[in-house]
Every structure is written in C-alpha cells, then in structure tokens.
Amino acid sequence: KHKELQAALEAYLACPHVTLYTNGHLALENIIAAYDFPAGGEVITTPFTFASTTNAIIRCGLEPVFCDINPRDYTMDASKIEALITEKTVAILPVHVYGNMCDVDAIKSIADKHGLKVIYDAAHAFGARYKGVSAANFGDASMFSFHATKVFNTVEGGAVCYPDAELSEKLNALKNFGQMSAECVPYAGGNAKMSEFQAAMGICNLRHLDVEIAKRKAVADRYRERLSGVDGLRLNPVQENVECNYAYFPVVFEAAFGKSRDEVLSQLAENDIFARKYFYPLTNDFDCYKELDHGNTPIAEYVSRRVLCLPMYADLPLEDVDRICDIILK
C-alpha cells in the first residue's frame, strides 16, 4: 500500500520523487536534515505559520530568520528576502498559506542568485497549482501534511516531493532509524515511516480529491457571495494563475467592521460554531523563542491579531454557511 500510494501521488502531482512520512512535521525535519546544513546556519522563513515550521528549523540546529508577509495573500513577502541574507544564510523556507501560493518565481530568482536551497512548507497547498504546475514542483523540495484536517489526508501523514533522485536513498534511511540495510546505519535517523494503514486511507481518499476540492469551492464561493464588500471584512483575493485547493477560508476583521476578531469568535462559539484564530500567535512570539531575534514583521502581526478561519470542509451545507454569515453580519 505504501508503494502504491507513493506511485499514485507521483502521478497525481506530476512529481518525479515522493517520500512518504508518518506526519508532515517529521517530513519537514527530515528534508532539512538531509541537506547537511552547517550548525547555526540561518534559514529565512515566515512567522505566519503553524508551530511545526519554526520548530523543524530549530530542531535541526539552525537559526530561523523571520521575514514579513505581504498583505494580499499572507505569504512571505519576496521583496523583503534579500535584505535578510547574510553569509550564514543556507536556505529559504517559505510557506504556502490557506491554499495561496508563494511568489515562486521571485523566490527562485533570489535563491539562484545567492546559491540557496528553497524548501517549501506546502502543508496547505496539496492540489494547488501555479500556471498548471503542482505546488509539489517548486523549489528544491516541498513538504505536504496529510493530517485529518487537510484537503487530502491519510488520517495522519505527510510527504516530501523533490526532483533530485539522490535524495531518495538518504530520506528513506533517515525515516527508518538511519538504516540503509540491517547492517549499515550511516545516519542517526528516527522512526518516521508511514504505516500501511495510513497509505491505504490515502489511496481511498485520493480517488475523491478533485470532487472534494470542487465541493470546497462551492463553500468558498458562498462565503464570498455573502461577505464580500462588507466594510471592515478583508477576504483573500483570488490569486492570478493559481488553482486554489480551498483549504481554508480566512477573514480579517478590521476596525471598520465594528467588532473585533475575538468578539466574532465568541459569538460564533455561543452558537456552537467553532472558528479558529489561525495563525495566532506568530511563531516569533512563542514563549520558547523569546531569545530569538523577533525580526521586523508588522504585517504578520497585524493580520495575526485579526484573522479568523471560518469553518471550511467539503460537506459543509450551504445553509450552514448562510447561518455562519448571518451571525457575523448581525
């Protein structure tokens, strides 16, 4: 089942190499570790992300350098990357957010100019495409999460996608206790293998993915229909040249709306509707990273304090979308 899912994903994503993992976080740690970056090397990343992104960098002995996001789609602001590059920089780790894709062209140009690796945290981007090309095929590698909350899931799981065939052997060893064989253990690896049960779930779910995305689009379209043009509500614009997977539906509540994000969250909860402050707090505000350089990320901070992800899943009835919108608008 593991081999069958791997082959199916390589075909679906049109990606030459996919390595499967028990979860997305260990997939990200493993691909960072596979490049053997020097200890203390700097990785330019974003604080507007889930804990896993920053934690993976730290746990691999590297230093996160925080770049601000752009105010349009909340991905890393590519225009601010070069100013953060130093002689210690080894990689750029951008994050595709909510199904929005990063400025992959600009990031590639910067990385090529400075000889840096690009590893995408694509946990939100499975099924998304830029100019017809899957999100799996940008940078030196892309990590996907197959957690139960994702558009495509294996209940729990993840993968790394990459073009370099030489990485396959090392990644397979790193996720299997560092073993190349029973008697050859060249790496201090861990246990990050995807199980047969996870793979079987993935095979089942992949068959339905395109239908699931279409159903999510219908939900997103209804939200847009009801909430567009309302003073103080900022919705993500539809990205040019990007086929979205409709993973999440974020709304930023600004002063003109008259009620704060937290007030809206509370009102929804009183009606048994559970939205999510996602992402809040920023990772550079975590208690465990107080000693790190916070960086200059005012846009990320602004959005983080105001964003709310509304319920979004394929089988969400449109009448429930209307009920959610009615509560917000009232």
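Me: Before we start, what should I keep in mind about the model and the numbering?
Reply: This is a predicted model, in which local features need pLDDT of at least 70 and side-chain atom pairs count only at pLDDT 80 or more, while totals for chains, interfaces and linings use all residues. Residues are numbered from 1 along each chain as its sequence is written, and side-chain values use heavy atoms, with hydrogens and water left out.

Me: OK, helix 4 then. Which of its residues are buried?
Reply: In helix 4, residues 104-114, the buried ones are V104, I107, I110 and A111. Because they cover an arc of only 130° around the axis, they sit on the same side of helix 4. Helices (H or I, at least four residues) and strands (E, at least two) are DSSP runs numbered from the N terminus; buried is under 20% relative accessible area, exposed is over 50% and partly exposed is in between, with a 1.4 Å probe and protein chains only. The arc is taken from the directions that lead from the helix axis to the C-beta atoms.

Me: And what covers them?
Reply: The cover over the buried residues of helix 4 includes strand 4 (89-93), strand 5 (117-121) and strand 6 (129-130), where contact means heavy atoms within 4.5 Å.

Me: What happens just after helix 4?
Reply: There G115 takes a positive phi of about 65°.

Me: Is C15 buried or exposed, and what about C102?
Reply: C15 counts as buried, at 4% relative accessibility, and C102 counts as buried at 6%.

Me: Which strands is strand 9 joined to?
Reply: Strand 1 (residues 17-21) is joined to strand 9 by five bridges and runs antiparallel to it, with L20 standing opposite A159. Strand 8 (residues 141-145) is also antiparallel to strand 9, through four bridges, and there S145 stands opposite G158. Two strands pair if DSSP finds at least two bridges between them.

Me: How many salt bridges does a search of the whole structure find?
Reply: The search finds 20, each being a side-chain nitrogen of Lys or Arg within 4 Å of a carboxyl oxygen of Asp or Glu. One of them links D140 with K117, whose closest N and O atoms are 3.9 Å apart. D140 lies in the loop between strand 7 (133-134) and strand 8 and K117 in strand 5, so the pair ties together parts that are 23 residues apart in sequence. D140 is partly exposed at 24% relative accessibility, and K117 is partly exposed at 30%.

Me: What about R261 and D262?
Reply: Their side chains meet in a salt bridge at 2.7 Å, N to O. R261 is buried, with a relative accessible area of 3%, whereas D262 counts as partly exposed at 38%.

Me: Which residues are linked in a network of salt bridges?
Reply: R222, E225, R226, D322 and D326 are linked in such a network.

Me: Last one, the three-stranded sheet: what is its order?
Reply: This open sheet has the order 10-12-13, with antiparallel pairing. Strand 10 (233-235) and strand 13 (307-310) stand at the edges, each with a single partner strand, so one side of each is left without a neighbour in the sheet. The twist averages 35° from one strand to the next. Strand 12 (residues 249-253) is joined to strand 13 by four bridges, and V252 has V307 as its bridge partner in strand 13.

Me: Where does helix 7 lie?
Reply: Helix 7 (residues 209-227) lies across strand 10, strand 12 and strand 13, and runs at about 20° to strand 12. Axes are lines fitted to C-alpha atoms, for helices over the stretch in contact, and angles run from 0 to 180 degrees between N-to-C directions.
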